Amino acid sequence: MTPDSSNLVTSPAPPKLVQPTQPINRENEPPTGLLSPTKPPATHPWASRDRRRERLERKRRAAYASVAKVENLPDCSTLFTPKPTPILCLVNVGYGGITGVTIEQLEGVLVPCPGFVQVVMNHGKPYTFVIFSDAQTAATACASLHEQPSELLLKRTLFAEHIPLKITSFTMPLRTQIEQILNCRNSPNPIVTLETDHTMHVQFPATASLRSLYERLQAKGLYCFDDFVTPEEEQEILGQADEHDFESWIEVNGRCVQHYGHIFDYKTKQVGNPDAAIDRQFPGIIQNILQRLHQLPIFTPANDSPAPSPDALNHTGTRLPLRLPQLNQLTISKYPIGSGISFHSDSHVSFTDVLVVVSLASPITMEFRSPFYAMRDQLHSRDAALQPIPTGSGGGGGSVPPGDPQPILPNPVFIDLAPRSLTVMSGEIRYGWEHSIRARKSDLLFASGAIRPRQFRVSLTVREVSEHRTCTCPWAELCDRSTETTE
Ligand SMILES: O=C(O)CCC(=O)C(=O)O
Ligand SMILES: [Fe+2]
């Protein structure tokens, strides 16, 4: 994929910073003339509006000056362009810190904007990039966000600017920057070529490198099987999900769920008493589909042995075959467009090792991240960048679990789940990584660079309720044996 050269800016645009601010709307002011005072008294509404304007201007100058300072520039004139491009810079939104915000908070503001694709926060920088599907939607969002206070960000006034696609001015290494912006930092081996005229060409990975990524994930316990459900079965389940009594669906952060076998309590974030099964059996069609799990090569052919105690689980890496669990808890989730599920590790104390997810109705990008590994600063070599490093006490206190030799993986990892596919999470992926579906209206496909609008989706999460109610995994930060950190 090549960046859209029509959007490239060849000469630096005049800085918005030093331009006069948007004209004040004078419509409601009285006409000037002999009868109107030349200067309004301090108590006049104009005065308070002018004071607001001055305050805004001060904030604006401070925000732009701080970006210029970290970028070692006299001002922001080379960083921004008045010509719409698909990438916005939120000048005064940085990650963490006292005034920092999280990606999730920011997505809350951006998800309603048509064309919003992704937030790219820059650690240690006061600004954030936001990618839109095209320059037009970015311009519309820019107009609605710029200089407006955001309720979701504690009334902070946002300053938004377009950045040229030929990003040569920000101090972050150019290649790193482009990789982040195109989201390919998380895909295996994108090839970014920098031409002498500073234009970039990004080639997305070949199938071979994708395959190697899946192989590395399998070693950590993630398995995906396409076409596990037939189109007829899919239609039948979707039809039944539609027919169910609406009131029996519980709304959880924008998605709707129904439980079978056991109730999952979203307050305690655990299953209640494991002996207290509810009188709602799995629908017959779902029972039939789950029968086919026996045929998957990852499971022992027929294994009636009881669940191993958590201590006996092979948490680091997964040794096949897996024990096929007695799946007795089903959650059916309906995801309206734009909804998702935040990062979580399914309750360690409530459920046993193997989690099963069936995807229906539309594809989705699922994200996996591990707090135990951080990306190295991608200054020199891509290979070096993919070496996980312990985050140490600052990053959640984690350390690379013992027995994990060289778990080279991007972090986070984006996995596309096809409709009618089956996903199995076990071992390290289940206990030592978190997964999420971002609440947004489209996904950026790293393999092709295409933007795929979201559609209504249904999933079946099937798990075995643990009798042990305890866990001794080495990933204490993600484990709810003492704290509740799960969804
Ligand atoms: O909807 C999905 O695909 C995943 C749901 C999930 O992670 C969960 O129910 O714990
Ligand atoms: Fe989950």
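**Surface charge and salt bridges**

A: R55 is partly exposed, with a relative accessible area of 44%. This is a predicted model.

Q: Where is R55 found?

A: R55 is found in helix α1, which covers residues 45–70.

Q: Which residues form a positive surface patch?

A: The patch is formed by R51, R52, R55, R58 and K59.

Q: Now the overall picture: how many helices and strands are there in the chain?

A: The chain has nine helices and 23 strands. Of its 487 residues, 51% are buried. Among contacts between residues at least 6 apart in sequence, 75% join residues at least 24 apart. The accessible surface of the chain is about 22800 Å², and 55% of that belongs to carbon and sulfur atoms.

Q: How many salt bridges does the structure hold?

A: The structure holds 16 salt bridges. One of them joins the side chains of K220 and E428, at 3.3 Å from N to O. This pair links distant parts of the chain, 208 residues apart: K220 is in the loop between α5 and β9, and E428 is in helix α9.

Q: Are K220 and E428 buried or exposed?

A: K220 is buried, and E428 is buried too.

Q: What does R420 form a salt bridge with?

A: R420 forms a salt bridge with E234, and the closest N and O atoms are 3.3 Å apart. Here too the pair links distant parts of the chain, with R420 in the loop between β18 and β19 and E234 in helix α6, 186 residues apart.

Q: Why does E234 count as buried?

A: E234 counts as buried because its relative accessibility is 5%, and the cut-off for buried is under 20%. R420, at 21%, is partly exposed.

Q: And R452, what is its partner in a salt bridge?

A: R452 pairs with D416, with the closest N and O atoms 2.8 Å apart. R452 is in strand β22 and D416 in strand β18, 36 residues apart. R452 is buried, with a relative accessible area of 17%, whereas D416 is partly exposed at 35%.

Q: Which residues are joined into one network by salt bridges that share partners?

A: The network joins R53, E57, R60, R61 and E147.

Q: Which residues of α3 are buried?

A: In helix α3, residues 135–145, the buried residues are A135, T137, A138, A139, A141, C142 and L145. What covers them includes β1, α2, β3 and β6.

Q: Changing topic, what is the phi of N72?

A: N72 is not a glycine, yet its phi is positive, at about 60 degrees. N72 is in the loop between α1 and β1 and is exposed, with a relative accessible area of 67%. R469 also has a positive phi, near 55 degrees, and its place is in the segment after β23.

Q: What is I103 in contact with, leaving aside its neighbours within four places in sequence?

A: I103 is in contact with V119, M121 and R438. I103 lies in helix α2 and is partly exposed, at 22% relative accessible area.

Q: Last one: what does S442 touch, not counting residues up to four places away?

A: S442 touches F116, V117, I451, R452, P453 and R454. S442 is in strand β21 and counts as buried at 7% relative accessibility.

Note on methods
Residues numbered from 1 in each chain as written. Chains lettered and ligands numbered in written order. Predicted model: local features only at pLDDT ≥ 70, side-chain atom pairs only at ≥ 80, totals over all residues. Heavy atoms only, no water. Patch = residues over 30% accessible without salt bridge, like charges linked within 9 Å, V, L, I, M, F, W, Y side chains within 5 Å. Areas by Shrake-Rupley, 256 points an atom, 1.4 Å probe, with all protein chains shown as cover. Salt bridge = Lys/Arg side-chain N within 4 Å of Asp/Glu carboxyl O. Lys, Arg positive; Asp, Glu negative; His and termini not counted. Charge placed at Lys NZ, Arg CZ, Asp CG, Glu CD. Helix = DSSP H or I, 4+ residues; strand = E, 2+ residues; numbered from the N terminus. Buried < 20%, exposed > 50% of the residue type's maximum accessible area, 1.4 Å probe, protein only. Contact = heavy atoms within 4.5 Å.
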